[in-house]
Amino acid sequence: MTVPTTSAPVEPATATVTAPPLRRKRHGWRREIIVSLILLPICLIWIYPFLWMVGSSLKTDTEIFGSMSILPEDPQWENYSRAWYEANIGPYFWNTIFITVATIAIVTITTAMIGYVIGRYPFPGKKALVVVLIATLFLPEGYTIIPVFDLINQLGLSGSLWGIILAESGGAHVIQIMLFAGYFRQLPRELDEAARIDGAGFVRTFWTVMLPLAKPAIATAIILSLMRVWNSFLIPLVLTLPQPELRTLAVGVYSFQGENMTDWSGMAAASTIALLPIVIVFLLLQRYFVEGVAGAVRG
Amino acid sequence: MATLRQVGPLTGSGSATTLRERLWNARWCYVFMLPSVVLGAMFTLYPMVSSWYISFTDWSGIESEKRFVGLDNYREVAGDDAFWSAFGRTFAFTAAAVPAMLILALLAAVVLNDASLRMRAVFRTMFFLPVVTTTAIVGVVMSLIMNPFDGPLNAALLNLGIIDQPVDFLGDPDLAMWSVAGVFVWKWMGMSMIYWLVALQTVPQELYEAARVDGANRWQTHRSITVPMITPFAVVIILITFVGALQTFPLVQAMTQGGPAFATELVELYIYRLAFAADYTPRLGYASAVAVFFGVTVLIFTLAQAWGVRRANAMQKDVKGGERR
């Protein structure tokens, strides 16, 4: 499995396309407009569920029912406070933030370390390690949830958020490892030599020379972990069954549905609170999302 | 720390050294992989081994002792109608969702790969948006949207005159699974689209230019340039999409919880119900047997596909080599 460098974005290579002759250009222009006019409504329908969700979170229930419109007549901000306080979305939000930040920190550091040695150093057993890593890619999550549940209980962590953090961090993060391995592999050899001349040991070379150079890989790895942890459902669901106060947003909104079947505006507000952070991060850092996903095929 | 010597860099380590020396020289490598290896061993490898062990026991998860029952659980799986129905549904779900997703995604990718389309980044963002959102929450929202009484989907279809009376997308046992599969395709299509875009971008632009100069139309260009160039990627993309389509739990659990009348109970949901959601005593031992049986089936299927991928790629290379000669 070879691994991509993060340097090549997925964006089509616009720069290499030379200006076409004028006649073709006018023809292409008409085509572009037609294609855009077909795609735009399709795309708007595509994201309609999210627009509807945000709109409904500011409506009254009677205004939502049986209507496909998006804009609220008179914004009902109290839907948010009802979701935040009465449906406990507030605590779930902070639980999710805590789990996400801790898991990302653990996963990014550990995968950068193992990726660094896989990418740059020979050592006995390396081949076997890589084979095992790739094999775990094909393991369905449902296959291991029962022992994970058992293990967290035996470790005495079933009553704390750390149980969830550990279980999330422990899943094989093969893509991140391969991403780091590929990135560190292509950094020039001279760096090690320069660092050695300066008297830096193994740890210091990694920490002060290599890791700061790997910022693009770190960003991609963080985004990959963020997408996985923020959206995780099965692990937090199973681990919080006896402790509703430890729920994450995904589990909280799911339970909200079971408990307040008719409170659509509250549910829409809760869903908006849960989805907005990840959507904003996505819109700001799209490149890394796409890069992370693309890495799976390039490998 | 500073007194330890540097581990030999990337290549060219002396081959005359003994294994012990090589292990010692690489000591920092092992230290660096330790955290990942320990975490992976605890939460990926141990659970694999452990689920085999649990599958041979009768255990509710409440008592601490697991009673060994040999192959009893597996015998029960073989004759379990509920399991085989779930198995069949999982197969049908995958068979419907995977091709639909791949074809839609390829279409979108081909259209968006056109560099002269200035708004393509905006369109790509919109198609990709569902992928980044929390699946379980999307499931909750979609169950509201598909609601037969007050949901906007029925309102839209009624207004347009496509239907006369509301459709119960998720409550009708004959329809529910296809509704869920449709949402699944919508949710993950953007992912496959990015895969296809990666594949399409490996095709050199000059080839298209040359084809245009030769007077080939778009369809001919795609058939004779795009298709053969992206075939090696296609097999990998199909494999990844197939494996992804088996991860159905968050969406289906949030939308229907396996209902109505088990019409959408896929294997993952059946395992969850046996182990955690049962109104009767949880059966973690039996649920593990189902999970192991299903996991091994999927693994065999995946390996067969992976083998097919290698064969196809090897054949592709032979063909290309032949052409060059």
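Me: What distance separates the centres of domain 1 of chain A and domain 2 of chain A?
Reply: Bearing in mind that this is a predicted model, the centres of those two domains of chain A, taken over C-alpha atoms, are separated by 32 Å. The domain assignment places domain 1 at 22–79 and domain 2 at 88–298 of chain A.

Me: And how many residues of domain 1 of chain A are in contact with domain 2 of chain A?
Reply: In chain A, 10 residues of domain 1 are in contact with seven residues of domain 2. On the domain 1 side, helix 1 (22–56) and helix 2 (61–64) of chain A each supply at least two residues, and helix 1 of chain A gives the most, with three residues.

Me: What classes of residue are on that side of domain 1 of chain A?
Reply: The side of domain 1 of chain A that touches domain 2 of chain A has five polar, three nonpolar and two charged residues.

Me: Switching topic, which helix of chain B gives the largest share of the side that touches chain A?
Reply: Overall, 87 residues of chain B are in contact with 85 residues of chain A. The largest share of the chain B side comes from helix 2 of chain B (residues 27–55), with 17 residues, and by class that side divides into 63 nonpolar, 20 polar and four charged residues.

Me: Back to chain A, how many helices and strands are there?
Reply: Chain A has 15 helices and zero strands, and of its 299 residues, 47% are buried.

How values were computed:
Residues are numbered from 1 along each chain as its sequence is written. Chains are lettered from A and ligands numbered from 1 in the order in which they are written. This is a predicted model: local features need pLDDT of at least 70, side-chain atom pairs count only at pLDDT 80 or more; totals for chains, interfaces and linings use all residues. Domain bounds come from an automatic or database domain assignment. Two residues are in contact if their C-beta atoms, placed from the backbone, lie within 7 Å. Helices (H or I, at least four residues) and strands (E, at least two) are DSSP runs, numbered from the N terminus. Ala, Val, Leu, Ile, Met, Phe, Trp, Tyr, Cys and Pro count as nonpolar, Asp, Glu, Lys and Arg as charged, and the others, Gly among them, as polar. A residue is buried if 20 or more other C-beta atoms lie within 10 Å of its own, exposed if 12 or fewer, and partly exposed in between; C-beta atoms are placed from the backbone.
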